[in-house]
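Visitor: Could you take me closely through one part of this structure, the place where the ligand sits?

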Amino acid sequence: MAKGFLLVLSGPSGSGKGTVSQALMQSRDDIVFSISATTRNPRATEVDGENYFFYDKDVFMDMVEKGEFIEHAFVHTNYYGTPKKFVFDQIEKGEIVLLEIDVQGALQIKKNYKEAVFIFLLPPTMDELRNRIVKRGTETEEDIDTRFSNAFKELDFVGEYDFFVVNDKVDAAVADIEAIIHSEKLRVKRHNGIKELVTRKGGSKNE
Ligand code: 5GP
């Protein structure tokens with residue numbers, strides 16, 4: 001069985017990580033989404049335990065102290081973290097675990113988990129990025145400014161990632177990510193017993 005792995009997707013607010021992740025999850029059954037914990041308030045359409053686990057700051061900090069996150073960061077104006085147990089249970093089962101996290105979190109993962117795959121999602125232009133955040137209508141004017149100025153800082157970290165994908169059209173971005181997943185699944189280090197694959201049932205004439 002191929003080993004599971006962490007698939008880290010980052011990109012500035014408005015790059016379309018949520019939309020692309022959802023479309024990707026719908027098109028494949030070998031990916032599970034890691035639901036993050038956050039101290040941010042839920043948006044109108046968000047459901048606790050589906051989009052995020054929404055916690056008070058005290059609860060979140062308690063989890064940090066108990067080592068329950070594989071990474072956590074202060075992003076824009078709130079804390080976000082990836083619960084550890086779920087991720088490792090799924091990898092053990094051979095699943096690809098999708099983490100939609102910011103660059104600070106991705107750097108923590110990069111330090112500790114060598115076999116993770118890092119993808120940076122980009123908007124076609126920064127003007128389009130701002131339009132998308134404004135159109136989404138879920139943030140205050142102040143939050144929009146914070147997210148937009150953070151977007152420029154986040155772009156400086158693209159060099160830390162393995163792949164970049166431009167999200168102009170969602171379908172094309174998903175196809176690019178699927179191509180990355182396809183090659184990652186063929187990596188020799190992700191398999192045990194490749195020789196046995198071809199030598200069983202008299203598969204090889206040289207043995
Ligand atoms: P939003 O508030 O728009 O849902 O997310 C804000 C930012 O936090 C996004 O860049 C998102 O990828 C990031 N984020 C979401 N969950 C996590 C997490 O568990 N850890 C980290 N480090 N960032 C996260």
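Guide: For the classes used below, Ala, Val, Leu, Ile, Met, Phe, Trp, Tyr, Cys and Pro count as nonpolar, Asp, Glu, Lys and Arg as charged, and the others, Gly among them, as polar. This is a predicted model, in which local features need pLDDT of at least 70 and side-chain atom pairs count only at pLDDT 80 or more, while totals for chains, interfaces and linings use all residues. Residues are numbered from 1 along each chain as its sequence is written, and side-chain values use heavy atoms, with hydrogens and water left out.

By class, the lining of the largest pocket has 10 nonpolar, 17 polar and 13 charged residues; a pocket is an open set of points on a 1 Å grid over the protein atoms alone, where a 1.4 Å probe fits, with protein on both sides within 12 Å along at least five of seven lines, and lining residues have an atom within 4 Å of a point. Of the 40 lining residues, Lys-17, Gly-18, Arg-43, Tyr-52 and Glu-100 lie nearest the centre, and α1 gives the most to this lining, with seven residues.

The space taken by the ligand is this largest pocket, where a molecule sits in a pocket if more than half of its atoms lie within 2 Å of the grid points. Around the ligand are 17 residues, the closest being Ser-36, Arg-40, Tyr-52, Tyr-80 and Asp-102. In the side chain of Arg-40, an N or O atom is 2.6 Å from an oxygen atom of the ligand, while polar side-chain atoms of Lys-17 and Thr-82 each lie 3.3 Å from a ligand oxygen; a polar contact is a pair of N or O atoms within 3.5 Å.

Conventions
Near = heavy atom within 4 Å. Polar contact = N/O pair within 3.5 Å; in protein donor to acceptor, adjacent residues only side chain to side chain. Helix = DSSP H or I, 4+ residues; strand = E, 2+ residues; numbered from the N terminus.
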